[in-house]
Amino acid sequence: MGSEGRAPWARERGGGPPWERWFARSTRRPPWPSTLAVAVFQQIGGDYAALDQPDRAPLDSFARVLLAAGPAFLLIRHRHPRAAVFGTCAVTLLYLGGGYPYSPVFLSVVIACFTAIVAGHRRAAWSAVGLLWAGHLLIAHWLYRWLPPGGDGPAAWNEEWAPTAWAVAVLVGSELVRLRREQWVRDRVERAAAERRRADEERLRIARELHDVLAHSISVINVQAGVGLALLDEHPEQARTALTTIKAASKEALGEVRQVLDTLRTPGDAPRSPAPGLDRLPELAEQAAGAGLAVDITTEGPRIALPPGADLAAFRIVQEALTNIVRHSGSRTARVLLAYRPDALLLRVDDDGPATGAALPSGGKGLVGMRERAAALGGTVEAGPRPDGGFRVSVRLPLTTPPQEKP
């Protein structure tokens with residue numbers, strides 16, 4: 001953000017701490033109440049200052065106008081902060097040049113300077129205050145000879161430390177508030193980006209779950225519906241078996257879809273049923289058998305408890321691999337190998353082919369979903385034709401949680 005560009009919070013609406021919301025509302029209309037309070041305070045403060053400084057010029061009508069002109073510039077401090085800060089400094093310089101008593105006339109400068117810096121107009125604020133300070137030095141140490149009050153002498157240089165310290169304090173304090181506001185805006189933007197990323201990841205997860213559930217179940221239903229139609233007239237009893245398989249597969253699909261959609265309920269609610277894992281592979285094999293695919297499951301190594309994410313990913317990958325065999329392979333046998341290693345779970349799903357006419361399309365969602373699931377856990381998926389024919393899916397899922405793991 002440039003020094004003269006509008007600050008990013010000037011376009012922010014809603015949210016944030018109360019003082020941020022107040023600042024956003026105050027930019028929509030002229031700040032009449034605060035301006036009137038400053039004007040009254042400067043007028044009354046000028047009267048009290050005149051009582052304690054009889055050697056200064058008395059407050060005449062021109063002094064009263066100057067004491068009111070400074071607050072008048074504060075009415076535009078939110079919409080035109082540069083004009084406000086230069087205007088209040090010019091009015092204050094005229095007041096000092098008139099030899100009037102030192103009074104709260106500087107309050108308008110402080111408010112205008114603070115507003116300009118916080119709004120991002122740092123160069124204008126520092127320049128205006130610097131010119132006011134330089135003008136004060138000229139008046140106090142050189143121009144006093146020709147300016148009222150008569151007989152006034154030069155100011156002592158050791159007395160300049162106080163106004164200089166006040167000017168620096170106002171500028172530095174305003175800069176600190178500006179930095180705090182910028183940090184708040186950055187934090188807010190980062191939180192919004194993180195929420196969008198979480199929402200995108202959740203949508204992707206739900207899309208993968210629905211794809212895996214529906215693709216598998218509908219493939220089984222499609223195969224069994226074709227078998228039922230072929231056997232309905234000549235072998236009605238065998239057609240009844242196909243219809244029974246369709247009923248069971250559709251019921252299973254509805255249950256899993258309901259479980260996936262449960263995650264869209266009120267945040268913080270726990271799922272009504274546990275996510276599927278490798279302990280449900282026998283059920284998966286039975287469903288595949290209903291579609292005419294015999295599944296041989298082999299396990300190597302002592303079985304260990306898997307993290308929930310890895311357990312679900314392994315189950316879905318095997319489910320998708322079997323679905324692809326049912327849909328795209330002429331083989332009626334599939335072999336699933338689960339190899340438990342100390343640091344990883346190795347999966348392998350093989351079929352002997354040959355591929356049917358409904359070959360896997362390039363960029364199919366199933367293989368993409370497998371790779372996304374494995375990559376989210378720091379694992380890999382390799383899928384392709386085997387040298388001796390058929391098709392193989394090889395998966396490696398690490399059992400240690402990588403830093404980049406997504407839930």
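A salt bridge here is a side-chain nitrogen of Lys or Arg within 4 Å of a carboxyl oxygen of Asp or Glu. In this predicted model, aspartate 47 and arginine 64 meet that rule, with their side chains at 2.4 Å, N to O. Aspartate 47 belongs to helix α2 (residues 32-52) and arginine 64 to helix α3 (residues 61-74). The two are 17 residues apart, and the pair links distant parts of the chain. Aspartate 47 has 33% relative accessibility, so it counts as partly exposed. Arginine 64, at 29%, counts as partly exposed as well. By this rule the count comes to 15 salt bridges.

Now turn to the sheet. Its 5 strands form an open sheet with mixed pairing, in the order β1-β2-β3-β5-β4. β1 (294-300) and β4 (380-385) stand at the edges. Each has a single partner strand, so one side of each is left without a neighbour in the sheet. From one strand to the next, the twist averages 10 degrees.

Isoleucine 297, for example, has valine 336 in β2 as its bridge partner. Helix α10 (residues 308-328) packs on the sheet. The helix touches β1, β2, β3 (344-351), β4 and β5 (391-398). The direction of α10 makes about 10 degrees with that of β3.

Arginine 335 and aspartate 352 meet at 3.1 Å, N to O. Arginine 335 lies in strand β2, while aspartate 352 lies in the loop between β3 and α11 (365-376), so the pair ties together parts that are 17 residues apart in sequence. Aspartate 352 is partly exposed, because its relative accessibility is 40%. Arginine 335 counts as partly exposed at 31%.

What network is Arg335 linked in? Arg335, Arg348, Asp350, Asp352, Arg386, Asp388 and Arg392 are linked in a network of salt bridges.

A further pair joins aspartate 343 and arginine 396, whose side chains meet in a salt bridge at 3.4 Å, N to O. Aspartate 343 sits in the loop between β2 and β3, and arginine 396 sits in strand β5. They are 53 residues apart, so this pair too is described as linking distant parts of the chain. Aspartate 343 has 41% relative accessibility and counts as partly exposed. Arginine 396, at 34%, also counts as partly exposed.

Definitions and conventions. Residues numbered from 1 in each chain as written. Predicted model: local features only at pLDDT ≥ 70, side-chain atom pairs only at ≥ 80, totals over all residues. Heavy atoms only, no water. Pairing = 2+ DSSP bridges. Helix = DSSP H or I, 4+ residues; strand = E, 2+ residues; numbered from the N terminus. Axes fitted to C-alpha atoms, helices over the stretch in contact; angles between N-to-C directions. Contact = heavy atoms within 4.5 Å. Buried < 20%, exposed > 50% of the residue type's maximum accessible area, 1.4 Å probe, protein only.
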